[in-house]
Amino acid sequence: MITQDHFAGLKNLTSIDLSSNSLKIKVDPECMPTFRLEKAAFTSCQMGPRFPAWLQSQAGIDELFMSNTSIFDRLPDWFVTTFSKTRILQISNNGISGTLPTNLKNMTSLQALYLNSNKLTGQIPQLPINLYAMELSRNYLSGPLPSYFGAPNLVDLSLFSNYFSHHIPQSVCEVNGGLLNLANNHLEGELPQCFEPRRVNTLILSNNMLSGNLQTILDAYTELYILDLAWNNFTGTIPEAIAKFTRLSHLNLAGNSISGALPQNWSTLMGMHQGVFQDMADNNANMSVTMKGQERYYYDLATYDMVSIDLSSNYLTGGIPEELASLGGVINLNLSRNHLTGKIPSMIGVMRSLESLDLSENNLYGELQQSLSNLAYLSYLDLSYNNLTGTIPSGVQLDTIYAQNPFMYDGNNGLCGHPLQKNCFDINEPNNGDQKRDDLDSNVLSFFFGLGVGFVFGVWVV
């Protein structure tokens, strides 16, 4: 327990960090400390349930971190005035309710605001002019997005998992240089046309009702590292120009109406060879990935480690390009539920980082590559409901995966061998009994055919 008695006499205290401890900070609401803090970190301490009233005396504070501090209260009336000189304010993972202050724009020194994972409601007011990062995800905010954010230097904007609706306004063009995450809302329509290409490197718009052509988005956002448009109504084809996005390390277009053939030139996507980019470390990205047959969530740095291609549940046609197998950094490859044809790439075994491979519900044919057994990290495989034939590759790795997912070969009547209960010898080499039966059937057919011809000829003569 930390009380006002511990602070007594600390008149010159300017910086305090008690974060990541099992401390309860209980200061009398009437107590106004004599010190003036510039930096304070109380992350994961217990400061609630009321918003700490003693902080009203800290009008000169520059950085304040109070995430996960068990505060279940509204933002106090003095919030904007007391923290008008604060640059970084982090109060995420609490139970803060109510609306955002309408005079939030008066916090002119504020550069980064983190209020994610709370219970905030209402709409977003005009933002402070110097704000460059705002994280309001996982709240109950609703209504349309503001037509004017009022923050011309906004670099990172994360509003996922709220209840925003209507069209995305032109104001999103103010976000330039970092992260734009509007996933898991009720947004609809097409993205606005910005006057010039945006330098956003992480664009996550999944789980909305958005529409428009994929090419339009690629023209507007030309420096993407992460593109997640899953489960919307986007149309068009994946252009060959995707090769220009050399730093792209995560591509998720699942659950749209993307059609046409897959582009051929995948090898230029260096981000899918190398994976993580260290200069992305400051971005607080969050996204879901359908991997190993289930939806998984990734946060912050783990997001950029997830090198993934998910094009499932679309209308893609044609074959799987051989160059796709050259992407040695890809962990998750999901092309399921399309209309793909042709054979599985012969170099599939080169994708040594692959942990999850889903090619199910297509029209793929041909024999499986023995190199599948070379994928040492592979822990999920689904090839069901294609037209694959031949002997299943041998290997302990594939046997282990089959034990966990015994449906991974279903719907391929031409597959045989261990671990299926279907002997390849029975399929490829008919036995003597079968041969005799075939000969008998042939003789019977010949007899009846001759009888029929004779009857027709006799009728003709009569």
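Buried here means under 20% relative accessible area. All views show a predicted model.

**View 1. The aromatic pair of F51 and W78.** With a relative accessible area of 6%, F51 falls under the 20% limit and is therefore buried. W78 is buried as well, at 14%. In the pair shown, the ring centres of F51 and W78 are 5.8 Å apart and the planes stand at 75°, so the arrangement is edge-to-face. F51 sits in the loop between β2 (39-41) and β3 (63-65), and W78 in the loop between β3 and α2 (79-82), so the pair ties together parts that are 27 residues apart in sequence.

**View 2. The aromatic pair of F79 and F83.** This pair is edge-to-face, at 5.4 Å centre to centre with 80° between the planes. Both F79 and F83 are buried.

**View 3. A cluster of aromatic rings.** F7, F35, F42 and W54 are linked into a cluster by ring pairs.

**View 4. The largest pocket.** The space in the largest pocket is about 400 Å³. Its lining consists of 18 residues, and P29, R50, F51, P52 and A53 lie nearest the pocket centre. By type, the lining divides into 12 nonpolar, 5 charged and 1 polar residues.

View 5. H250 belongs to strand β18 (residues 250-252). The relative accessible area of H250 is 1%, so this residue is buried. The C-alpha atoms of H250 and D310 are separated by 8.5 Å, while the two residues are 60 residues apart along the chain.

How values were computed:
Residues numbered from 1 in each chain as written. Predicted model: local features only at pLDDT ≥ 70, side-chain atom pairs only at ≥ 80, totals over all residues. Heavy atoms only, no water. 1 Å grid on protein atoms, 1.4 Å probe; cavity = no way out; pocket = protein on both sides within 12 Å on 5 of 7 lines; lining within 4 Å. Points joined across faces, edges and corners; volume = space filled by probe spheres on them. Nonpolar A, V, L, I, M, F, W, Y, C, P; charged D, E, K, R; others polar. Helix = DSSP H or I, 4+ residues; strand = E, 2+ residues; numbered from the N terminus. Buried < 20%, exposed > 50% of the residue type's maximum accessible area, 1.4 Å probe, protein only. Phe/Tyr/Trp six-rings, centres within 6.5 Å; stacked < 30°, edge-to-face > 60°.
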